[in-house]
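Here's a quick briefing for anyone meeting this structure for the first time. Have a look at the model, then read on for charged pairs, a strand hairpin and some record annotations.

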Amino acid sequence: MSLARPTDGVAALPAWRIWLGRPETVTLGLILLFCVSLTLLSPQFLTVNTLFDVLRSSVTTGIFALGVLLVLAAGGIDVSFTAVAVFALYSSTKVVLAVWPTAPYPVMILLCLLIGLGLGLANGFMVYRFSVPSLIVTIGTQYLYRGFLLAFIGTAHIMNIPSAMDSFARLNLTKFQTADNTNVSLPVTFLFLVGAALLTQYILSRTLLGRAAYAVGGSIPIAERLGIPVRRVTLFVFGYAGLLAGLGGLLHGTQNQLANPFDLVGQELDVIAAVVLGGARVTGGRGTVAGTLLGVILIILIKNNLVLMGVPSTYQKLVIGAIILLASGVFARREPR
């Protein structure tokens, strides 16, 4: 009698096939394909200036995306983070100008982080307390936060920003002039994206809350049977997304040297698209920091350089939508059944 093991007859996949099957590899392949196409169409594309442009543009989108990643990993979705970001930026700018115009930049960072954290925790509380889908809750709070900002705080653009924001906007990690006399610089705000990525990676891979987020996103009933505190995880992921939204809002205002209460409207889908392109599953339980950052780079490349490929900018959403559908189809076919 043969005592066959359950795994007999099922050949283990080689490492290279496992690596090729990862969503991050697909996204990286799309980035390389896009870069090669742009280089063939315009040799000026492959320059340090282009690289720094992409990195500079990735700061705010990347920080937003890292917060959304945790929410998606836990099986939720958040579309209110841009409203949280603008609320934190505009209200903190008005408070600082009114109370302490010469306040140092770390004070503004702390203020925006606290505002973002508070609004994010409010999202998490309502999602768990009322057992309402997070999409519905965050659509509601998106309108609530924007409405409160415009009705009670202000509608005028603040161009005379605090001196600390203005000074910080001028700081660069590196700045030089190329052979064709083009000034190239990488702002110091890029370090915040690096710090947020390292912190998010640490949370997801080294903390119980990070691992619990994946478990809750995989199956809430199973997570509850395992003793995972779903309420605490829900508050944590939405609070973290709000925290990063507050930071991203301040950096966006700093880079543009402007506090605009109507800013960032409509950028939610770009950020969520970047996270999904990075391999996060909208039903929860999956997603990585590396994949999310690759998704952000792909979205930035498309948005900044589509015209070089001869595609009108009005087709931008169409191209992004088509790439999301293509990538999602590839990811779905590679899912174990």
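R170 is exposed, with a relative accessible area of 55% (exposed means over 50%, buried under 20%, and partly exposed in between, using a 1.4 Å probe and protein chains only). Its salt-bridge partner is D166, with the closest N and O atoms 3.2 Å apart, and D166 is partly exposed at 22%. A salt bridge here is a side-chain nitrogen of Lys or Arg within 4 Å of a carboxyl oxygen of Asp or Glu.

Keep in mind that this is a predicted model: local features need pLDDT of at least 70, and side-chain atom pairs count only at pLDDT 80 or more, while totals for chains, interfaces and linings use all residues. Residues are numbered from 1 along each chain as its sequence is written, and side-chain values use heavy atoms, leaving out hydrogens and water.

**Other salt bridges**

- By that rule, the count comes to five salt bridges.
- E24 pairs up with R22, and their closest N and O atoms sit 3.3 Å apart.
- In that pair, E24 counts as buried at 12% relative accessibility, whereas R22 is partly exposed at 40%.
- E268 forms a salt bridge with R146, with 3.7 Å between the closest N and O atoms.
- This pair links distant parts of the chain, 122 residues apart: E268 is in helix α12 (residues 268–277) and R146 is in helix α6 (residues 134–153).
- Helices (H or I, at least four residues) and strands (E, at least two) are DSSP runs, numbered from the N terminus.
- Both partners are tucked away: E268 is buried at 8%, and R146 is buried at 14%.

**The hairpin**

- Strand β1 (residues 172–177) and β2 pair in the antiparallel sense over five bridges (two strands pair if DSSP finds at least two bridges between them).
- Across that pairing, N172 stands opposite P187 in β2.
- The two strands, β1 and β2, form a hairpin with five residues between them, and N181 in the turn has a positive phi of about 65°.
- Strand β2 (residues 183–187) is mostly covered, with four of its five residues buried.

- An unreviewed UniProt entry lists several stretches as "transmembrane region", including residues 26–52 and 103–122; positions are given in the numbering used here, feature names are shortened, and annotations may be inferred rather than shown by experiment.
- In the model, residues 26–52 are 78% helix and 0% strand, with the end C-alpha atoms 23 Å apart.
- Residues 103–122 are 90% helix and 0% strand, and their end C-alpha atoms lie 28 Å apart.
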